[in-house]
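Subject: A structure for you to look at

Hi,

Here is the structure I promised to pass on. Have a look at it first, then read my notes below with the model open beside you.

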Amino acid sequence: MGHQFSPTIFHAVAQLVKRHGSVSVLDYGSATGSTMKAVKENLWLPPGVVDRCYDPFVEEFAAEPEPADFLICTDVLEHVEPE
């Protein structure tokens, strides 16, 4: 499960915020946004993090995403058809 990597991923994001002041994070293929919700509940995010979710099959997150500084894409590729 991709969420097991959240502490490592968001440690890296925190380091980027220290260097650049702010970082945008896009969870691509977010489903219901549970990864970002879990991060906000269980990890500390610096104030400079702007988070967004994208999933074309979830109405709330179906709008075409803007480019982001940091992309999370976990538990997604196993759903992509080979062709």
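A disulfide is a pair of cysteine sulfur atoms within 2.5 Å. Keep in mind that this is a predicted model. With that cut-off, a search of the whole structure turns up 0 disulfides.

C53 is buried, with a relative accessible area of 18%, whereas C73 is partly exposed at 37%.

You'll find S30 in the loop between β1 (23–28) and α2 (34–42). Is S30 buried or exposed? It's buried, with a relative accessible area of 5%. Leaving out neighbours within four places in sequence, S30 is in contact with C53, Y54, D55 and F61.

Next, the inside. In soluble globular proteins, nonpolar side chains tend to be buried together. Here the largest nonpolar core has 14 residues, and the ones that touch the most other members are F10, V13, V23, V25, V49, F70 and I72. Two or more residues each come from α1 (6–20), β1, α2, β2 (49–54) and β3 (70–72). The largest share, 4 residues, is given by α1.

If you skip residues up to four places away in sequence, I72 touches I9, F10, V25, L26, D27, Y28 and M36.

M36 takes us to α2, where T35, M36 and V39 are buried. They cover an arc of only 95° around the axis, so they lie on the same side of α2. E41 and N42 are on the other side of α2, and they're exposed.

Last one: V17, which belongs to helix α1. V17 counts as buried, at 11% relative accessibility. Apart from neighbours within four places in sequence, V17 is in contact with S22, V23, P46, G48 and V49. How far apart are V17 and C73 in space, C-alpha to C-alpha? The distance is 20 Å, and they are 56 residues apart in sequence.

Cheers

Conventions. Residues numbered from 1 in each chain as written. Predicted model: local features only at pLDDT ≥ 70, side-chain atom pairs only at ≥ 80, totals over all residues. Heavy atoms only, no water. Buried < 20%, exposed > 50% of the residue type's maximum accessible area, 1.4 Å probe, protein only. Contact = heavy atoms within 4.5 Å. Core = buried A, V, L, I, M, F, W, Y, C linked by side-chain atoms within 4.5 Å. Arc of directions from axis to C-beta.
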